[in-house]
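This report describes how two chains are built and how they meet. Please look at the sequence and the structure first.

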Amino acid sequence: MIEGAAWRRWVYFRLPLGFLVLWLLFPFYWMLITAVRPDGELYRPWNATNYTPFWTTNPTWAHVEYLFEETIFGTWMWNTMVIALASTAISLVCGVLAGYALSRLKFPFAGSLGTGIFITYLVPQTLLFIPLAEIIRNYRLGDTPWALILTYPTFLIPFCTWLMMGYFKAIPKELEECARIDGAARWQAMLYIVIPVALPGILSAGIFAFTLSWNEFIYALVFLSSPEQKTVPVGVVSELIRGDVFFWGPLMAGALLGSIPVAIVYSFFVEHYVAGLTGSVKG
Amino acid sequence: MTVSTAGTIRAAPQAPRSVPRRRLLEDERWLAFVLLVPTMVLLCLFIAYPFARGIILSVTDSRVGVPGTFVGAANFERIWNDGIFRQAVYNTFVYTGVTTVFKLGIGLWLALLLNRHFKGKAIVRAFILLPFIIPTVLSTFAWKWMFDPTFSVINWGLFQLGLIKRSINWLGDPDLAMFSIMVVNVWRGVPFFAISLLAGLQTISPELNEAAAIDGARPWQRFWHITWPLLLPVTMVVVLFSIIQTFADFQIVYVMTGGGPANATHLFATYAYQIGVGTGLLSQGAAISLAMFPILFLVVIVQLLYIRRVETR
């Protein structure tokens, strides 16, 4: 609600918003245009007279073809998908159960356990990756998908638990008590009454967890070594840069294609994602 | 819907004595224990144990494949006297401080802009979250390509605007490289701030602002005396959360410069990676990582106290 002349609307609202949106989205446009630009145009210095940054007259699929023929990009996509889905599933099961226990049951040390889980939520991956790499090696999990499927839940479970606690707290106790009076066991009331009601929360937690594990980088970088085990972010980094030669076309094509699954999941569930995001900090 | 199914649930077993395990689960304490076991096992195995292991590593002289012997605080002494480590500590503080200020400023601005009614608001809101959703490593490559000294579209743009005469080597000069990295971090973090703060703004009743407007408060006064105080709890949590993430950041620096040129842009995490994984000096790398801990711990404590205070108010 900006009062006054039209120019005020432009200066205080449209221009700043337009500028910020442009800034936030331009790199994606740049990814797209680089991915379809032929090499001849790509490696033309910025001060060349025929430098046309924002469009290309002869778009090409060459970079995408390179990605699938010269690298095992498909395998990386598959690996990432399997790892993201598996670690999300594990985290959801653990997080929902733990969230239920911490928000709706009375037991000794409930408060300190909740605080403990909140603290692990704030532990960044970069704090522990070196000892964790050693442990992974000792368990003989190195260079297998299990190295990531089992370690990703360490940053996903605390988040899922935290988010689910918020959802569970909002469900009235009476709902459960009704079922108990009708003869349901404690765990049945949880499984058939409370958890279905919290389904939107579970969906939010799941989507957020999926995008987080799709994005994870440092564990995947340190725990995986053979090309056919890698995830998209690590595969792109390690196989499309040789020494200091960057294969920019395929790199950008890979960045674009590697982003599509999260973008799709996100586009279908924007509201749930936003709920997960804001829930993750509000608590 | 779910309530109606409640009545149809099979009744609990008639003879409780024959199924003592079921009865055990009727006790809230046992049920809680059972529900928490999977989480506790995973968190102990992959957070608590590595943490203890990291501390042990940092006081030995292990390398890859060589179990070390106890050396006390020698690793910490060595990194303390290491010029690159000191540079990395300095960088991390500057990086965290500067980017947090900008992320908060720009994020709040964007949140205030998005808190208005306009056509296409839902689409704009959905699109601006993209930098936060798309894998950071992949989008950072787009930035690295944009900052390429020879092919930079940014150089081209600045030249067309008449702001520069010669090529700028964005990632080749230590100060410029740090600046470029910060730009990317702010770019990635702004959507998170904007959307979280927007959620906070939406809980503020518009009537408060309208009442103040009727009383003659200027827009700036309304922001400072009404919006900002009400938004402060959300802002605090978002800022503390972001500080932790930024302080421990790895991906952006790893992709943009790898810590270069000449180790000038290392952060804790990238230097720990270079020493611990690149060079194979496991215990020294672990020591560098752990050196982050006191500061992270402090931030976590502040955050916990703050949440407590807000909850008990």
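Which domains does the domain assignment of chain A give? The assignment gives domain 1, residues 6-60, and domain 2, residues 65-282. The model described here is predicted.

## Chain A as a whole

Chain A contains 15 helices and two strands. Along the principal axes, its C-alpha atoms fill a box of roughly 80 × 70 × 30 Å. The radius of gyration of chain A is 24 Å, whereas a compact globule of 283 residues would have a value near 19 Å.

Of the 283 residues in chain A, 48% are buried. Among the contacts in chain A with a separation of 6 or more, 78% join residues 24 or more positions apart.

## The two domains of chain A

The C-alpha centres of domain 1 of chain A and domain 2 of chain A are 33 Å apart. The two domains do touch: seven residues of domain 1 of chain A are in contact with six residues of domain 2 of chain A.

On the domain 1 side of this contact in chain A, two elements give two or more residues each: H1 and helix H2 (39-42) of chain A. H1(A) supplies the largest share of that side, with four residues. By class, the side of domain 1 of chain A that touches domain 2 of chain A has four nonpolar, one polar and two charged residues.

## The two domains of chain B

Chain B is also divided into domains, with domain 1 covering 18-58 and domain 2 covering 84-312. Their C-alpha centres lie 35 Å apart. Four residues from domain 1 of chain B and six residues from domain 2 of chain B take part in the contact. The domain 1 side of this contact in chain B has two nonpolar residues, two polar residues and no charged ones.

## Where chain A meets chain B

How many residues of chain A are in contact with chain B? The count is 86 residues of chain A, in contact with 86 residues of chain B. Helix H1 of chain A, residues 6-35, gives the most to the chain A side, with twelve residues. The side of chain A that touches chain B is made up of 66 nonpolar, 16 polar and four charged residues.

H1(A) packs with helix H8 of chain B, residues 136-146, and the axes of the two helices are 9 Å apart. The angle between them is about 80°, so H1(A) and H8(B) are roughly perpendicular to each other. From H1(A), the contact is made by A:Pro27, A:Trp30, A:Met31 and A:Thr34. From H8(B), the residues are B:Ser139, B:Ala142, B:Trp143, B:Trp145 and B:Met146. In this contact of H1(A) with H8(B), seven residues are nonpolar, two are polar and none is charged.

## A closer look at A:Met31

A:Met31 lies in helix H1 of chain A. Is A:Met31 buried or exposed? A:Met31 has 24 other C-beta atoms within 10 Å, and 20 or more count as buried, so A:Met31 is buried.

Leaving aside neighbours within four places in sequence, A:Met31 is in contact with A:Met252, A:Ala255, A:Leu256 and B:Ala142. A:Met31 and A:Trp55 are 24 residues apart in sequence, and the distance between their C-alpha atoms is 12 Å.

Technical notes: Residues are numbered from 1 along each chain as its sequence is written. Chains are lettered from A and ligands numbered from 1 in the order in which they are written. This is a predicted model: local features need pLDDT of at least 70, side-chain atom pairs count only at pLDDT 80 or more; totals for chains, interfaces and linings use all residues. Domain bounds come from an automatic or database domain assignment. Ala, Val, Leu, Ile, Met, Phe, Trp, Tyr, Cys and Pro count as nonpolar, Asp, Glu, Lys and Arg as charged, and the others, Gly among them, as polar. Axes are lines fitted to C-alpha atoms, for helices over the stretch in contact, and angles run from 0 to 180 degrees between N-to-C directions. Angles under 35 degrees count as roughly parallel, over 145 as roughly antiparallel, 65 to 115 as roughly perpendicular and the rest as oblique. The radius of gyration is taken over C-alpha atoms; the globule rule is 2.2 Å times the number of residues to the power 0.38. A residue is buried if 20 or more other C-beta atoms lie within 10 Å of its own, exposed if 12 or fewer, and partly exposed in between; C-beta atoms are placed from the backbone.
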